[in-house]
Amino acid sequence: MGEVIVVTSGKGGVGKTTTTANLGTGLAQLGYKVALVDADIGLRNLDVVLGLENRIVYDITDVTGGHCRLRQALIKDKRYEGLFLLPAAQTKDKTAVSPDQMKVLCGDLSQEFDYVIIDCPAGIEQGFRNAIAGADKAIVVTTPEVSAVRDADRIIGLLEAAELREPKLIINRVRQKMVAAGDMMNIDDIIDILAIDLLGVVPEDEMVIITTNRGEAVIQDDRSRSGMAFRNIVRRITGEQVPLLNLEEGGLFSKIRRFIGLK
Amino acid sequence: MLDFITRIFNRDSGASKNIAKERLRLVLVHDRASVSPQLLQTLKEDLIKVISNYMVIDEDALEVNLENSENQVALIANIPIKSMKRHADVI
């Protein structure tokens, strides 16, 4: 039986889809069989992020509606043997799938895959309800901004009310220079407010945009700092203990400030 | 002198992340209370239980609310008393 993990955030644009793509790719790199499910019906995106947009024949609503078998709708990744995508429908709306159908779907997928990762839509309406219905665990993605942290807090409350206990947090798009200057909330600030376990911290990185432009995941890039951060998160998901990435970029000012004890 | 150095390196002495954190702290008190009304309800029941050891109160008229002031949220309880007990009930 595989593990079903939902990636959620409340707020849009914090990096749920990018995170889902990277975690899936990273787990597949380690040799696991992974199914990525795009639960954002009507706003399909995981396919373009993974570079698989030209291969879609069937989508999630065809499976839940009984128009095709699950295997027919799963798209095999170009690079990694064990990575598959179940795309969202683009022309239907969120009511096309029900939470009960999602439970059945996730149950079926977890029979065949080691990890099933669900990319949740933004918001707290039915799309969210569908996405979490079949999940065993939840990952909450936020950025160090008041709006994203507030929405993350709301989502954590809703996850716990739905019996998805102990969600784990990923803090995305951290700008270390701003943190060092005291102009961005740091990891401790956010953990202090949200009071949940930290799964990882991903620095803001132009390479995410560059790799996504090509339909690749930044975790495939060995040198990028965000790729390194995602690789660490993947190892933590598999149960390994990995220390946090040191985000200090060692700018002259932050060095001096630490030297004279002002930070 | 130290103050001068701090100002150079920190531009604004009130780092904006502290403002962000403080605002979030306040807004989340309200968010969490309004998202979970049963939390305030259980608090109300617990209050009644404790206070009833000392006085007879009008349970139906009891009001418990969160109120905002400048930079803090306060729990305001209005508890009409019907009568005082002579001795506290032993708990």
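This is a predicted model: local features need pLDDT of at least 70, side-chain atom pairs count only at pLDDT 80 or more; totals for chains, interfaces and linings use all residues.
- Strands of a sheet pair through backbone hydrogen bonds, in either the parallel or the antiparallel sense.

- Strand S1 (residues 3-8) of chain A pairs with S6(A) in the parallel sense, over 4 bridges.
- Within that part of the sheet, A:Ile5 has A:Lys137 of S6(A) as its bridge partner.
- Strand S6 (residues 137-142) of chain A is also paired with S7(A), again parallel and over 4 bridges.
- The bridge partner of A:Thr142 in S7(A) is A:Ile171.
- S7(A) and strand S8 (residues 197-203) of chain A run parallel and are joined by 5 bridges.
- Opposite A:Ile170 stands A:Gly200, a residue of S8(A).

- Strand S7 (residues 168-174) of chain A is mostly covered, with 5 of its 7 residues buried.
- A right-handed β-α-β unit is made by S6(A), helix H7 (residues 146-161) of chain A and S7(A).

- Apart from its neighbours within four places in sequence, A:Ile191 is in contact with A:Leu169, A:Ile196 and A:Leu198.
- A:Gly157 lies 34 residues from A:Ile191 along the chain, and the C-alpha atoms of the two are separated by 15 Å.

**Helix H1**

- Helix H1 (residues 16-29) of chain A has 14 residues, and the distance from its first C-alpha to its last is 20 Å.
- This span is close to the 20 Å expected at 1.5 Å a residue.
- H1(A) is largely enclosed by the rest of the structure, because 13 of its 14 residues are buried.
- Just after H1(A), A:Gly31 adopts a positive phi of about 100°.

**Salt bridge between the chains**

- Over all chains, the count of salt bridges comes to 18.
- One of them joins the side chains of A:Arg150 and B:Asp31, at 2.6 Å from N to O.
- This pair crosses between chains, from helix H7 of chain A, which holds A:Arg150, to helix H2 (residues 16-35) of chain B, which holds B:Asp31.
- The two partners fall into separate accessibility classes: A:Arg150 is partly exposed at 33% relative accessibility, whereas B:Asp31 is buried, with a relative accessible area of 14%.

**Salt bridges within a chain**

- In chain A, the side chains of A:Arg235 and A:Glu240 meet in a salt bridge of 2.8 Å, N to O.
- Both partners count as partly exposed, A:Arg235 at 32% relative accessibility and A:Glu240 at 38%.
- In chain B, a salt bridge of 3.4 Å, N to O, links the side chains of B:Lys49 and B:Asp46.
- B:Lys49 and B:Asp46 are 3 residues apart in helix H3 (residues 37-51) of chain B, and therefore separated by about one helical turn.
- An α-helix has 3.6 residues a turn, so residues three or four places apart point the same way.
- B:Lys49 is exposed at 58% relative accessibility, while B:Asp46 is partly exposed at 40%.

**Salt-bridge network**

- Salt bridges that share partners join A:Asp189, A:Asp192, B:Lys17 and B:Lys21 into one network.

Definitions and conventions:
Residues are numbered from 1 along each chain as its sequence is written. Chains are lettered from A and ligands numbered from 1 in the order in which they are written. Side-chain values use heavy atoms; hydrogens and water are left out. Buried means under 20% relative accessible area, exposed over 50%, partly exposed in between (1.4 Å probe, protein chains only). Helices (H or I, at least four residues) and strands (E, at least two) are DSSP runs, numbered from the N terminus. Two strands pair if DSSP finds at least two bridges between them. A crossover is right-handed if, with the strands pointing away from the viewer, the path from the first strand over the helix to the second runs clockwise. Contact means heavy atoms within 4.5 Å. A salt bridge is a side-chain nitrogen of Lys or Arg within 4 Å of a carboxyl oxygen of Asp or Glu. The expected span of a helix is 1.5 Å times one less than its number of residues.
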